[in-house]
Amino acid sequence: PRILGLMLVMPVLTAIGDVVGLFGSALVAQLAFDYTVADFFNSMRANLDGSLFLAGIAKSMVFGLAIGLIACDQGLTTKGGAEGVGKATTTTVRLSVVYVLILDLIIPMPDLA
């Protein structure tokens with residue numbers, strides 16, 4: 001259930017991050033370059049398609065699977081009381097970062113061209 005939960009929540013968090021990033025980018029474009037928000041989103045729609053968004057959502061599900069598997073493995077093999085939990089948490093974070101970076105390099109994204 002924990003792994004499935006991560007696989008379901010990661011795409012939601014990714015979509016929220018995408019939306020916040022787009023609105024932040026539009027704000028910076030308006031403040032720094034006198035580019036209206038409407039022009040920003042029109043340009044974005046003209047130059048990008050939904051495949052990038054969907055690929056990011058799919059990748060986030062794979063990342064959730066990897067993080068869930070690592071966390072469950074570390075949690076089930078933890079020994080040594082509270083100190084062991086702290087060490088396992090640190091190890092989980094380190095391994096998750098490394099594996100997400102490796103998976104990000106392996107899993108292709110659609111071309112922009």
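This report looks at one helix pair and the salt bridges in a predicted model.

**Two helices in contact**

Helix α1 covers residues 2–33, and helix α2 covers residues 37–47. They pack at an angle of about 125 degrees. Their axes are 9 Å apart. The two helices are therefore oblique to each other. The crossing of α1 past α2 is right-handed.

Which residues make the contact? From α1 come L22, F23, S25, A26, A29 and Q30. From α2 come V37, F40, F41 and M44. Sorted by class, this contact has eight nonpolar residues and two polar ones. It has no charged residues.

**Salt bridges**

How many salt bridges does a search of the whole structure find? It finds two. Side chains of opposite charge can pair when their charged atoms come close.

| Salt bridge | N to O distance |
|---|---|
| D104 and K59 | 2.5 Å |
| K87 and E83 | 3.2 Å |

Take D104 and K59. This pair links distant parts of the chain, 45 residues apart. D104 sits in helix α4 (residues 81–106), while K59 sits in helix α3 (residues 50–76). Is K59 buried or exposed? K59 counts as buried because its relative accessibility is 7%, and buried means under 20%. D104 is partly exposed, with a relative accessible area of 37%.

Now take K87 and E83. Both lie in helix α4. They are four residues apart, about one turn of the helix. K87 is exposed, with a relative accessible area of 52%. E83 is exposed too, with a value of 56%. Both count as exposed because the cut-off is over 50%.

Technical notes
Residues are numbered from 1 along each chain as its sequence is written. This is a predicted model: local features need pLDDT of at least 70, side-chain atom pairs count only at pLDDT 80 or more; totals for chains, interfaces and linings use all residues. Side-chain values use heavy atoms; hydrogens and water are left out. Axes are lines fitted to C-alpha atoms, for helices over the stretch in contact, and angles run from 0 to 180 degrees between N-to-C directions. Angles under 35 degrees count as roughly parallel, over 145 as roughly antiparallel, 65 to 115 as roughly perpendicular and the rest as oblique. A crossing is left-handed if the near helix is turned anticlockwise from the far one by less than a right angle, and right-handed if clockwise. Contact means heavy atoms within 4.5 Å. Ala, Val, Leu, Ile, Met, Phe, Trp, Tyr, Cys and Pro count as nonpolar, Asp, Glu, Lys and Arg as charged, and the others, Gly among them, as polar. A salt bridge is a side-chain nitrogen of Lys or Arg within 4 Å of a carboxyl oxygen of Asp or Glu. Buried means under 20% relative accessible area, exposed over 50%, partly exposed in between (1.4 Å probe, protein chains only).
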